Amino acid sequence: MVRCGYCGSTRIGTKELAGRGKVVSHTIQRVAAPEFLKEVPYAFVVVDLEDGTRVTGRMPGIGSDADLPYGQMVRAAVGGKGGLIFEKT
Amino acid sequence: MRPVYVVGTNSTDYGKLDLRARELAATAALDAIQSSGVPFEKIDGAFVGNAFSLAERQGHLGPLIMSALGIPERPAMTIEAACASGGAAFREAYVNVAGGFGDAMLAVGVERITQLDTITATGYFSYGSDHLLEGACGATFPGLYATMARAHFRKYGTMEEQLAAVAVKNHSNAFQNPHAHLKKKITIDEVLASPVVSSPLKLYDACPFSDGAAAAVVVSEEIARTLTGPKMLVAGSARAGEEAALHERVDMTSIGSTKIASRAALKQADLSIRDVDFAEVHDCFTIAEVVATEDLGMFKQGEAASAALQGRTALGSDLPVNPSGGLKAKGHPVGATGVGQIHEVFEQLAGKAAGRQVRGAETALTHNVGATGGSCVVHVFRRA
C-alpha cells in the first residue's frame with residue numbers, strides 16, 4: 001500500500017492493531033493448498049477488530065460451522081505461519 | 001471507434017484433455033479462422049488469455065500458437081487477469097480493431113491444468129487471490145467464495161437449497177452442450193449431500209478443474225462485409241476492477257467491478273439488462289451466479305437465489321442465465337472461459353445451439369470475473 005484509496009494520502013505508516021475482534025464471515029476449509037493440507041479442517045476467518053480494522057486470519061482446530069457462531073469474539077494468538085492466527089476468547 | 005464484428009468462433013471440448021496448451025489453443029483457433037472465411041494472411045495478431053501455463057513449464061504462449069497456425073510473424077502475447085483472462089484477451093482484440101490498429105484480430109483463450117493433482121491445482125488457483133492476505137492465510141479459491149456466501153446468507157437469509165438450484169439448472173443446460181465437461185443431470189438433494197469443500201460450499205456448488213481452449217475472430221466492418229457466414233456486432237465492451245482482497249471491500253456480498261463494467265457495456269450498446277435475451281455469467285461457484293445476477297441488475301440484491309430456485313433463470317424463462325451450462329457444468333478452463341462464453345453467444349445468435357437454444361435470441365451479454373472480482377470484463381453482442 002502506497003496511497004490511500006479513500007483520502008488519497010501517501011503518508012502510509014505501520015500501526016499496532018487491536019488484538020481482539022469479532023468474526024463477521026468464515027469458511028471451514030476441508031480442502032487446502034499444499035502448505036495447509038496437514039491442518040484441515042480449519043477455519044479461514046474475516047475479523048472486524050475493535051479498532052475498526054477488518055483483517056483475515058486462520059483458526060486452527062475449528063472443524064465445523066457449529067464451532068464458530070456469527071459474531072464470535074476472537075483474539076490474535078502469537079506464532080504460526082501464514083498471516084494472523086486467531087483463537088476464541 | 002469503428003464498429004467491430006465477430007465472424008467466427010470455436011471451442012474445444014472442456015474436460016481432462018491430454019494435449020498441451022499450445023495444441024489446444026491452435027486447434028480452437030484453426031477452426032475459428034477457417035469457419036470465419038478470413039484468410040490466414042489477413043490475421044494481424046492475437047491476444048491469448050491464459051493464467052497458469054507455467055504449471056506446464058511454458059511461458060510465452062503467443063508465438064507458439066502463431067507458429068502452430070503457420071503465421072509465426074504475426075504478433076501475439078498473453079493477457080493475464082486470472083479467471084477473466086479470456087474476456088480480457090477478447091477485449092484487447094476488440095480495442096485493436098475498434099481503434100484501427102488491426103483489421104482482423106484473433107482472441108484465443110486456453111488453459112491446461114488437469115495434469116496437476118487437485119491439491120496442487122488448488123494452490124495455483126489461490127495465487128489469483130491477494131495471496132499475502134488470503135491464499136497465504138489459508139484461504140483457497142472456494143474458501144473465498146464460501147466467505148462471500150456466508151456473508152450473503154447472513155445479510156439476506158440466502159439458503160443452501162437456493163444455491164443448489166443454480167447447480168441443478170446449469171448441469172441440466174450442460175447436458176445439452178457437446179463441449180461440456182460435466183454432462184450429468186443432478187438434483188438438489190444430490191448437491192446438498194455432496195462433500196463439503198469449504199463450508200457452506202460443497203463439491204456440486206463448485207466448477208471443475210478443466211482443460212480447454214476457445215477462439216474468436218474479430219474484424220472491422222469492411223472485412224465483415226466480405227464474409228457470408230454468421231456475424232455478430234460487439235455492441236458494448238467494458239472492463240473494471242476493485243480491491244483484489246475480498247475483505248477490503250465495503251460489501252462482501254457484491255462484486256463492484258461487475259456493476260461498473262456491465263453498466264458501461266450496456267450503455268454503449270444502448271440496452272438495459274432487461275433487453276438482453278440471455279446472459280453467460282461467471283459462475284465459478286453457485287454463489288457467484290447469484291451475486292452476478294444481482295450485480296448485473298437482473299434481480300434486486302438478496303433476491304437472486306430465490307429467483308434461481310423459482311426457475312426464473314432457466315432455459316425458457318424471460319432471461320436465461322448460462323444456457324451453456326456455465327463454468328459450473330460446462331467447465332472452467334480458466335484462460336479459455338471468457339472466450340468460450342463468446343463462442344456460446346455466437347452459436348446461440350446463429351441459432352446453432354440445438355437443445356440449449358434460446359429461442360429467437362438476438363442480443364446477449366457475457367460476464368467474466370477474475371478471482372473474486374479484482375477484474376471484470378463484460379461484453380454485449382447483437383446479431384448482425
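So, a pocket, on a 1 Å grid over the protein atoms alone, is an open set of points where a 1.4 Å probe fits, with protein on both sides within 12 Å along at least five of seven lines, and its lining residues have an atom within 4 Å of a point. Its volume is the space filled by probe spheres set on the points, with grid points joined across faces, edges and corners.

Quick housekeeping. This is a predicted model, where local features need pLDDT of at least 70, side-chain atom pairs count only at pLDDT 80 or more, and totals for chains, interfaces and linings use all residues. Residues are numbered from 1 along each chain as its sequence is written, chains are lettered from A and ligands numbered from 1 in the order written, and side-chain values use heavy atoms, with hydrogens and water left out.

Okay, pockets. The second largest pocket comes in at about 460 Å³. Its lining has 19 residues, and Leu203(B), Ala206(B), Cys207(B), Pro208(B) and Phe209(B) lie nearest the centre. Helix α4(B) gives the most, three residues; helices and strands here are DSSP runs numbered from the N terminus (helices H or I, at least four residues; strands E, at least two). What is the class make-up of that lining? We get 13 nonpolar, five polar and one charged. Nonpolar means Ala, Val, Leu, Ile, Met, Phe, Trp, Tyr, Cys and Pro, charged means Asp, Glu, Lys and Arg, and the others, Gly among them, are polar.

The largest pocket holds about 920 Å³. It is lined by 26 residues, and those nearest its centre are Met1(A), Leu17(A), Thr53(A), Arg54(A) and Glu248(B). Strand β3 of chain A, residues 54–60, is the top contributor with three residues. This lining splits into 11 nonpolar, nine polar and six charged.

Now chain A. It has zero helices and five strands. Of its 89 residues, 34% are buried, meaning under 20% relative accessible area with a 1.4 Å probe and protein chains only, while over 50% is exposed and in between is partly exposed. Phe36(A) and Tyr42(A) are both buried, and their rings make a tilted pair, 6.1 Å centre to centre with 50° between the planes. For the cut-offs, Phe, Tyr and Trp rings (the six-membered one for Trp) pair with centres within 6.5 Å; planes under 30 degrees apart are stacked, over 60 edge-to-face, the rest tilted. Pro41(A) lies in the loop between β1 and β2 of chain A.

Over in chain B, ring pairs link a cluster: Phe52(B), Tyr124(B), Phe125(B), Tyr127(B), Phe141(B), Tyr145(B), Phe209(B) and Phe285(B). Chain B has a cis bond as well, Ser199(B) to Pro200(B), omega near 0°.

Is Ile342(B) buried or exposed? Buried, at a relative accessible area of 0%. Ile342(B) is found in helix α13 of chain B, residues 334–349. Beyond its neighbours within four places in sequence, Ile342(B) is in contact (heavy atoms within 4.5 Å) with Thr9(B), Phe90(B), Met232(B), Thr366(B) and Phe381(B).

Arg57(B) has a positive phi of about 55° though not a glycine, and counts as exposed at 78% relative accessibility. Asp270(B) also has a positive phi, near 55°, and is exposed at 68%.
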